[in-house]
Amino acid sequence: MIRINKEFLEYIVRLKNSELQGVIIEKEANVGQKIIGQQTKINAVYVISSGLAKCYLTEDTGNDFIQEFFGEGEVFGEVEIFTNDFSFCSVEAITPLIYFRIAKNDFLNLIEKDLHFNLLVLKLMASKIKYTALRHSYNQSHTLESNLNRLIGQFPELLKNIPKNDIANYLGISIRSLNRTLKYL
C-alpha cells in the first residue's frame, strides 16, 4: 500500500552529495500541497526523501481514485518523462514532505551515462508494474473485509496515518462502506 524504495533513495542521496549537488534539488511540501497536478506537463522526476504522498486520479465524476501511497524513495514523474505525455495523476503530500527534484534533461542524462542508475530505474518500473497487477488481482478476488484486514495487518498504523477518506478512495469504495466494514471488523 505504501510504496518505498530505500535502495533508490540511498543512491540519489549519494549522487546529490557528490558530483550532482546542483542537479538533484531538495524541496519541501506541506500537507495538502500538490507536487504535480493531473493533466499537466511534467518537466522533472521526483523522489520522496521523507513523508507520505498520495498519487490519485480524479475521475470525470469528480471522485478520486488513489493509485498509490508513496513513501521514502518512491519515484514519480518518470512515466511521463519516458512517454513525453501529460501526467495522468496528481501527487499530493498527506504529511510534511521532503523530496528531490531532477530536471528532465538531467534525469535522461543519468539514464544514458550511469549504468547503475539506469538499472535502478528499470528495477523500479518493473516493481511498479508487478505491484499494480498483484494489487488489482487481489482486490478483485477477495472481499472488502479481507482486503481491509490485509492492509491493517501490513500497516497497523494505517488508520492513524492515512485519513479514512483516502483509504476508501484507495479501495474504490465509499467512506460509508469503509466505516461499516471497520465496525464489522
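Let's start with a word I'll need a lot: a residue is called buried when its relative accessible area is under 20%, exposed when it is over 50%, and partly exposed in between, using a 1.4 Å probe and protein chains only. With that rule, Gln 21 counts as exposed, because its relative accessibility is 55%.

Before we go on, a bit of housekeeping. This is a predicted model, where local features need pLDDT of at least 70 and side-chain atom pairs count only at pLDDT 80 or more, while totals for chains, interfaces and linings use all residues. Residues are numbered from 1 along each chain as its sequence is written, and side-chain values use heavy atoms, with hydrogens and water left out.

Okay, back to Gln 21. It sits in the loop between helix 1 and strand 2 (24-29). When I say helix or strand, I mean a DSSP run, numbered from the N terminus: H or I with at least four residues for helices, E with at least two for strands. Leaving aside neighbours within four places in sequence, Gln 21 is in contact with Leu 15 and Lys 16. Contact here means heavy atoms within 4.5 Å.

Now, helices. Two packed helices are described by the angle between their axes and the distance between the axes. The axes are lines fitted to C-alpha atoms, for helices over the stretch in contact, and the angles run from 0 to 180 degrees between N-to-C directions.

So how do helix 1 and helix 4 pack? Helix 1, residues 6-16, and helix 4, residues 115-141, meet at an angle of about 150°, and their axes are 10 Å apart. That makes helix 1 roughly antiparallel to helix 4. The cut-offs go like this: under 35 degrees is roughly parallel, over 145 is roughly antiparallel, 65 to 115 is roughly perpendicular, and the rest is oblique. The crossing of these two helices is left-handed, meaning that the near helix is turned anticlockwise from the far one by less than a right angle; clockwise would be right-handed.

Who actually touches whom? From helix 1 we have Glu 7, Phe 8, Tyr 11, Ile 12 and Leu 15, and they meet His 116, Phe 117, Leu 120, Val 121, Lys 123 and Leu 124 of helix 4. Sorted by class, the residues in the contact of helix 1 with helix 4 are 8 nonpolar, 1 polar and 2 charged. For those classes, Ala, Val, Leu, Ile, Met, Phe, Trp, Tyr, Cys and Pro are nonpolar, Asp, Glu, Lys and Arg are charged, and the others, Gly among them, are polar.

Next pair: helix 5 (residues 144-154) and helix 8 (residues 175-184). They pack at about 75°, with axes 10 Å apart, and that makes helix 5 roughly perpendicular to helix 8. On the helix 5 side, Leu 144, Glu 145, Leu 148 and Ile 152 meet Ser 177, Leu 178, Thr 181, Leu 182 and Tyr 184 of helix 8. The contact of helix 5 with helix 8 has 6 nonpolar, 2 polar and 1 charged residues.

Pairing needs at least two bridges found by DSSP. Strand 1 runs parallel to strand 6, residues 64-70, and 2 bridges join them. In that pair, Ile 2 stands opposite Phe 69.

Take a look at Arg 3, in strand 1. Is Arg 3 buried or exposed? Buried, since its relative accessibility is 9%. Among the residues Arg 3 touches, not counting those up to four places away in sequence, are Glu 68, Glu 74 and Tyr 131.

Then there's strand 4 (44-50). Of its 7 residues, 6 are buried, so strand 4 is largely enclosed by the rest of the structure. Strand 4 pairs antiparallel with strand 9 (residues 97-103) over 6 bridges, with Val 47 opposite Phe 100. Strand 4 is also joined to strand 7 (residues 75-76) by 2 bridges, again antiparallel, and there Tyr 46 stands opposite Phe 76.

Last stop, the loop between strand 3 and strand 4, where we find Gln 39. Its phi is near 60°, a positive value in a residue other than glycine, and Gln 39 is exposed, with a relative accessible area of 52%.
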